[in-house]
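Subject: Structure for your files

Hello,

Here is the structure I said I would pass on. My notes follow below it.

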Amino acid sequence: MGRTVDDYVGALAGWQAETVRTLRRDIMAVGGLSESVKWGHPVYEADGPVCLLKAHKSHVTLGFWRGAEMRELHAGLEPHGSFLMASIKLQGADAIDAVTVGRLVAAGVALNRLKGDPTKAA
């Protein structure tokens, strides 16, 4: 789907494109994050990966590397995969508000600053 986040977003259409554009804006509004395409989708990093966006046919995933540690912040965070990952499945651009996204991303950044890169943590 492209080599840059702009390419990734540009390849999307409809509600998925709108949702990813909105989430991207809300994530970057937190500040201090870099964005790139890794593993085929946008990844946002501060002292290691914090969160990712991934568009699917029926939903958009907003995933957090330390999401399992942040479940009290959002009931929709479902743990899965490696590390301490948890994600929220969104089915529309209005499925989560900017304040909630900001709170989750800021918590992920704070956890990485406290505990280090989640991909390298023991």
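Rings of Phe, Tyr and Trp (its six-membered ring) pair if their centres lie within 6.5 Å; planes under 30 degrees apart are called stacked, over 60 edge-to-face, and the rest tilted. By this rule there is 1 aromatic pair. Trp 39 and Trp 65 form it, tilted, at 5.8 Å centre to centre and 40 degrees between the planes. Trp 39 sits in the loop between β1 (34-38) and β2 (41-45), and Trp 65 in the loop between β4 (60-64) and β5 (78-79), so the pair ties together parts 26 residues apart in sequence. Helices (H or I, at least four residues) and strands (E, at least two) are DSSP runs, numbered from the N terminus.

The model is predicted: local features need pLDDT of at least 70, side-chain atom pairs count only at pLDDT 80 or more, and totals for chains, interfaces and linings use all residues. Residues are numbered from 1 along each chain as its sequence is written, and side-chain values use heavy atoms, without hydrogens and water.

Trp 39 is exposed, at 58% relative accessible area, whereas Trp 65 is buried, at 3% (buried is under 20%, exposed over 50%, partly exposed in between; 1.4 Å probe, protein chains only).

Regards
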